[in-house]
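The sequence and structure come first.

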Amino acid sequence: MQPRRHNGSDSVSRTRRPSLVVIGNFDGVHRGHRAVIESALRLAAAQALRPLVLTFHPHPAEVLGRGARPVLTTIDRKVELLLALGERLEVVVEPFTLELSKLAPIDFVQQVLVQRLDAKMVIVGENFRFGHQRAGDLPALRALGERFGFEAHAEPLVGDELGLFSSTRAREALEAGDLPSVERCLGRAHSLSGRVVHGAARGRTIGFPTANLAEVAEATPPYGVYACRVQRELAADEREPLGPGVLNLGVRPTVQGGFSVEVHLLDFSGDLYDANLRLELVAKLRDEQRFPGIDALKAQIARDVEAARALLNAGS
């Protein structure tokens, strides 16, 4: 089976079939992104074109020193979500480098879209910019398409009665702790992922062992306690459900433990050190708070567990 993820446009094998290329960052792969991709897949099938998504990693703002915001999806999760939209779809992850950022619009089009990807149709957002210092825009892309033999189209944005679906909308809702609005925009619950590392083992000593996550790259909601569903990531596209959990996100003020992302699994016991976990955030249970002592903290955690179990069982 031919690979559907390509790390760099120079790794894409040329075929006799030219391509339709959808270009974008696609952070979160929200409902608006999905509408664009699904439309592109129908168009590619109708015109016998090879459907490709072209995205970039790292984010250009990070490489250019403009300070990228926390992502909604890691690059691997983004690719996973994109590939799930259609079995014919392929994703090209183009390394964004200073050298790439210095390409003039015509050079980007000629080298990447034409020579490497054999594009006959290119679909972008209405505010798409490309090339050195973002000099290229949609009219420029269309003019270059006429010169090099491809069509360029802007896909209109979609939304609901609350506004357009966008990564910014999802991120702002997440920052406000509004998980239902996040899910409405994304079309699924927001997830956090990370690797289990050794902590201070305080949770174990009070009867609620936790898995402490490091290397969490995704944007997080406000500090607090959340009901979640937990999966162990085994390999590409392989996950093992571990059941419901209670996530504590914050600085653990009662024990002055400092910032942590830690999850207590309700129906699991075993060694998870160095495992990669994905936490699907379902609902916020309460804000982070300081308790007068360990006994009060233990009593509240027990109530959190009961609330999470009832909520997650009701939604399963």
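Is Arg77 buried or exposed? Arg77 is buried, at 15% relative accessibility, where buried means under 20% relative accessible area, exposed over 50%, and partly exposed in between (1.4 Å probe, protein chains only). The model is predicted: local features need pLDDT of at least 70, side-chain atom pairs count only at pLDDT 80 or more, and totals for chains, interfaces and linings use all residues. Residues are numbered from 1 along each chain as its sequence is written, and side-chain values use heavy atoms, with hydrogens and water left out.

**Salt bridges**
- The whole structure holds 20 salt bridges (a side-chain nitrogen of Lys or Arg within 4 Å of a carboxyl oxygen of Asp or Glu).
- Arg77 pairs with Glu80 at 3.0 Å, N to O; Glu80 is also buried, at 16%.
- Both residues lie in helix α3 (residues 75–83), three residues apart; helices (H or I, at least four residues) and strands (E, at least two) are DSSP runs, numbered from the N terminus.
- A network of salt bridges links Arg77, Glu80, Glu233, Arg239 and Arg278.

- Glu90 and Arg50 form a salt bridge, with the closest N and O atoms 2.8 Å apart.
- Glu90 is in strand β4 (residues 90–95) and Arg50 in strand β3 (residues 50–57), so the pair ties together parts 40 residues apart in sequence.
- Glu90 is buried at 11% relative accessibility, and Arg50 is buried at 8%.
- Arg195 forms a salt bridge with Asp274, the closest N and O atoms being 3.0 Å apart.
- Arg195 is partly exposed, at 25%, whereas Asp274 is exposed, at 54%.
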